[in-house]
Structure formats: structure tokens, C-alpha cells
Amino acid sequence: QQVAAMYISKNSPSILTQRVLTVSEYAGADGANIAIVSGTYILKTKDGHDVDDERGLFTHIYLHGRTTWTCIHSQRTIIINQLLPKTKLPATPKH
């Protein structure tokens with residue numbers, strides 16, 4: 001997704017900052033190990049003079065095979081308040 005966006009968009013390269021919050025490791029009966037890594041991220045992109053920040057949560061799943069860890073799944077979710085337009089609530093009538 002990131003690589004495709006760089007080819008489609010004329011934005012400067014993005015800066016992705018991730019902070020790991022939890023790491024959970026599980027061992028299977030067959031000896032395979034799986035680790036689930038969760039945390040937060042900030043993706044900064046620059047379009048001319050404007051800088052956009054996308055904030056959200058991520059989860060990565062790693063499989064340990066032979067001598068190395070391999071990421072087998074990666075997922076990001078944008079924090080919802082960035083998706084909704086900022087609008088003022090109507091004033092409540094005073095009685």
C-alpha cells in the first residue's frame with residue numbers, strides 16, 4: 001500500500017513512526033512459534049507545504065521458522081476521530 005501510494009501520489013516520501021505496546025509469543029504443539037506485536041503508529045506525509053498526520057493502531061503477526069522471524073500478516077487501523085468531520089453539536093435549548 002505504501003509503495004503503491006508513492007508511485008501514484010506526488011507527495012514526498014512518508015515517514016512512519018511505530019511504538020510497540022505489547023508482544024505476545026505463543027508456542028504450538030508442532031514447535032512453531034508465533035508472536036503478535038501490537039502498538040500505535042503515526043504516518044506523516046507532506047504535500048507541498050501541508051503535512052498530514054495519520055494516527056492509528058497496528059498489529060503484526062510473526063512466525064518463527066528455522067532460524068528467523070518472518071512477518072506473515074500486517075494490519076493498520078486509523079483512529080476513528082480522524083475519519084469524522086469536525087462539526088459542532090447544536091446548542092441545547094435552555095428552559
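## Strand β3 and residue I61

I61 lies in strand β3, which covers residues 50-65; helices (H or I, at least four residues) and strands (E, at least two) are DSSP runs, numbered from the N terminus. This is a predicted model, in which local features need pLDDT of at least 70, side-chain atom pairs count only at pLDDT 80 or more, and totals for chains, interfaces and linings use all residues. Residues are numbered from 1 along each chain as its sequence is written, and side-chain values use heavy atoms, with hydrogens and water left out.

With a relative accessible area of 22%, I61 is partly exposed; buried means under 20% relative accessible area, exposed over 50%, and partly exposed in between (1.4 Å probe, protein chains only). Apart from its neighbours within four places in sequence, I61 is in contact with I34, A35, I36, T70, C71, I72 and H73, where contact means heavy atoms within 4.5 Å. The C-alpha atoms of I61 and S24 are 9.7 Å apart, although 37 residues separate the two along the chain.

## The chain as a whole

Of its 95 residues, 11% count as buried. Among contacts between residues at least 6 apart in sequence, 37% join residues at least 24 apart.

## The sheet

The four strands form an open sheet in the order β1-β2-β3-β4, with antiparallel pairing; two strands pair if DSSP finds at least two bridges between them. The edges are taken by β1 (15-27) and β4 (68-78), each of which has a single partner strand, so one side of each is left without a neighbour in the sheet.

Strands β1 and β2 (residues 33-47) run antiparallel and are joined by twelve bridges. Within this pairing, K44 in β2 is the bridge partner of I15, and T22 stands opposite S38 in β2. The hairpin of β1 and β2 has five residues between the strands, and G31 there takes a positive phi near 90 degrees.

## The surface

The accessible surface of the protein chain comes to about 8200 Å², of which 58% belongs to carbon and sulfur atoms; accessible areas come from the Shrake-Rupley method with a 1.4 Å probe, and for residues only the protein chains shown count as cover.

I72, a residue of strand β4, counts as exposed at 51% relative accessibility.
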